[in-house]
Amino acid sequence: MAPKILAFESCKGKLFLAVLFYNVVAFTFVNDFHFLLHGHTSFVVNNGGQRTFTSVTVFSVKMRGGGLWQLGQSMTRRLAQADKTVAHRYFSTEAELKKTVLYDFHVANGGKMVPFAGWSMPIQYKDSIMDSTLNCRQNGSLFDVSHMCGLSLKGKDCMPFLEKLVIADVAGLAPGAGTLTVFTNEKGGAIDDSVITKVKDDHIYLVVNAGCRDKDLAHIEEHMKAFKAKGGDVSWHIHDERSLLALQGPLAAPTLQHLTKEDLSKFYFGGFRILDINGAHCFLTRTGYTGEDGFEISVPSENALDLAKAILEKSEGKVRLTGLGARDSLRLEAGLCLYGNDMEQHVTPVEAGLTWAIGKRRRAEGGFLGAEVILKQLESGPTVRRVGFFSSGPPPRSHSEIQDDKGKGLGEVTSGGFSPCLKKNIAMGYVKSGSHKAGTKVKIVIRGKAYDGVVTKMPFVPTKYYKPS
Ligand SMILES: *[C@@H]1O[C@H](CO)[C@@H](O)[C@H](O)[C@H]1NC(C)=O
């Protein structure tokens with residue numbers, strides 16, 4: 001049996017691999033920081049104790065058909081109480097990684113491929129992450145996000161079905177309209193965030209995070225079985241025959257307009273259409289993960305390469321291929337959550353600052369998993385809240401402690417880094433309610449040293465979603 005790499009961890013500046021070998025997990029020291037760059041999801045584990053080893057072994061058995069993401073999730077849940085926590089990141093061995101249909105195209109264009117949620121994805125191309133981030137805001141970016149999972153729910157009861165699982169007012173969406181929503185668990189925690197669209201009354205299209213795919217699909221399937229057993233009419237189709245491209249930035253709309261006969265000028269943020277783009281039958285959502293105007297294009301996989309090439313060509317090279325590294329900077333600047341970092345199983349949408357996504361009717365009626373917890377929190381206010389920070393020290397990272405000016409713990413950073421647009425360090429994280437107001441002075445502890453920080457409103461960089469004027 002070959003040793004199987006489960007995870008790696010950075011601790012006190014060193015990198016350790018967790019290796020599974022004959023059902024025994026060993027941590028081994030390595031010195032290659034290549035994978036530590038960006039965008040990976042972290043999980044929490046007891047620092048080096050025996051308990052860690054046992055847990056990894058147990059969950060590796062459960063990993064069959066699951067994945068390292070699930071391993072991370074399970075460990076997060078089990079070990080959330082661990083006294084000493086360190087950041088962990090996961091990856092799979094190269095051979096296990098899935099490839100999108102654009103893999104060769106990425107490599108040919110200088111894409112540096114890294115493992116991400118079980119996929120081999122470009123973290124950056126020839127441009128630096130800094131340049132790519134700036135170019136997205138000034139010109140435009142094309143991202144391959146085919147690792148994400150597109151899903152259609154169909155049937156005359158698909159709306160009441162989905163409303164059991166998410167906080168959105170799905171029934172209240174107009175056909176062709178969509179929203180960001182959260183799948184919740186019984187405790188009101190977030191299973192995943194997802195953009196959902198009502199295509200028509202008996203068809204909902206949604207996209208879930210790559211890292212949550214197995215977990216989300218299992219969750220939906222389980223509830224679908226029970227719902228159908230009671231006579232509900234709902235079925236699903238997983239769009240594995242399609243690829244997903246995200247086109248973002250000020251040149252997104254003018255570029256895409258060259259490739260379709262349909263007028264995009266009255267097609268607003270959150271909207272959804274099925275239309276021909278570059279001769280291919282596409283699902284188009286005016287949405288994104290950068291704060292810019294833009295689109296996510298679900299395209300039949302056999303047409304994805306042609307479409308990617310056509311977009312780059314029509315923009316005359318101004319829209320550039322952009323990797324996960326800049327995607328993470330862009331979404332952080334836009335104040336958007338990365339599931340697994342900024343939102344997790346034990347965090348409710350209210351704590352995560354997504355109260356706006358709970359439909360008005362849903363607040364009155366509940367009827368989604370964990371509604372009791374969430375509705376109560378709406379009344380009494382959450383005890384912790386997600387906020388943004390500016391920081392004077394080095395870039396804060398996930399799990400940097402946040403303290404008040406007397407050194408008392410307030411919470412933890414969940415994402416942070418240098419903002420290419422603002423040219424300073426930004427972060428988001430959770431603090432106790434009361435310390436969440438913009439302007440509150442805090443300390444952020446990085447490698448044992450406390451640096452001045454201040455709570456600030458998000459987004460850090462103003463969003464430019466395309467809305468009716
Ligand atoms: C935007 O595109 C133009 C033309 O290709 C280029 O000169 C400029 O540097 C780009 N902007 C950024 C911020 O990269």
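**Terms**

- Helices (H or I, at least four residues) and strands (E, at least two) are DSSP runs, numbered from the N terminus.
- Two strands pair if DSSP finds at least two bridges between them.
- Two residues are in contact, or touch, if their C-beta atoms, placed from the backbone, lie within 7 Å.
- A residue is buried if 20 or more other C-beta atoms lie within 10 Å of its own, exposed if 12 or fewer, and partly exposed in between.

**Confidence**

- The chain averages a pLDDT of 84, where pLDDT is the predictor's confidence in each residue, from 0 to 100.
- A score of at least 70 is reached by 80% of the residues.
- Residues 9-17 have a pLDDT below 50, with 24 contacts in the model beyond near neighbours in sequence.
- Residues 19-93 also stay under 50. The model has 144 contacts beyond four places in sequence for this stretch.
- Where pLDDT is low, the predicted coordinates should not be read in detail.

- Six strands form a closed barrel in the order S19-S22-S21-S20-S23-S24, with antiparallel pairing.
- Neighbouring strands of this sheet are turned by 40° against each other on average, direction ignored. Axes are lines fitted to C-alpha atoms, for helices over the stretch in contact, and angles run from 0 to 180 degrees between N-to-C directions.
- Helix H9 (residues 324-333) packs on this sheet and touches strand S21 (409-419) and S22. The direction of H9 makes about 125° with that of S21.
- Eight bridges link strand S19 (residues 384-391) to strand S22 (residues 424-432) in the antiparallel sense. Ser391 stands opposite Asn425 in S22.
- Ten of the ten residues of H9 are buried, so the helix is largely enclosed by the rest of the structure.
- Gly335 follows H9 and has a positive phi, near 75°.

**The open sheet**

- Five strands form an open sheet in the order S10-S11-S12-S9-S13, with antiparallel pairing.
- Strand S10 (177-184) and S13 stand at the edges, each with a single partner strand, so one side of each has no neighbour in the sheet.
- Neighbouring strands here are turned by 25° against each other on average, direction ignored.
- Helix H6 (residues 213-229) packs on the sheet, touching S9, S10, strand S11 (190-200), S12 and S13. Its direction makes about 65° with that of S11.
- Helix H5 (residues 158-165) lies across S9, S10 and S12, running at about 130° to S9.
- Strand S9 (residues 149-154) joins strand S12 (residues 203-208) through six antiparallel bridges. Cys149 has Val208 as its bridge partner in S12.
- S9 also pairs with strand S13 (residues 235-238), antiparallel, over four bridges. In S13, Lys154 is partnered by Ser235, and Leu153 by Trp236.

**Nonpolar core**

- The largest nonpolar core has 102 residues. Such a core is a set of buried Ala, Val, Leu, Ile, Met, Phe, Trp, Tyr and Cys residues joined through C-beta atoms within 7 Å.
- Leu162, Val166, Ile204, Leu245, Leu247 and Ile297 have the most contacts inside it.
- Leu162 touches Leu153, Val170 and Ile204, not counting residues up to four places away in sequence.

- The UniProt annotation "binding site", from an unreviewed entry, covers Glu296. UniProt positions follow the numbering used here, feature names are shortened, and annotations may be inferred rather than shown by experiment.
- Glu296 is found in strand S17 (residues 294-300).
- Glu296 is buried, because 23 other C-beta atoms lie within 10 Å.
- Leaving out residues up to four places away in sequence, Glu296 touches Leu244, Ala246, Thr285, Thr287 and Gly288.
- S16 and S17 run antiparallel, joined by three bridges. Phe283 stands opposite Ser298 in S17.
- Strand S15 (residues 272-277) and strand S16 (residues 280-285) run antiparallel over six bridges. Phe272 stands opposite Thr285.
- S15 and S16 form a hairpin with two residues between them. Asn278 in the turn has a positive phi of about 50°.

Notes. Residues are numbered from 1 along each chain as its sequence is written. This is a predicted model: local features need pLDDT of at least 70, side-chain atom pairs count only at pLDDT 80 or more; totals for chains, interfaces and linings use all residues.
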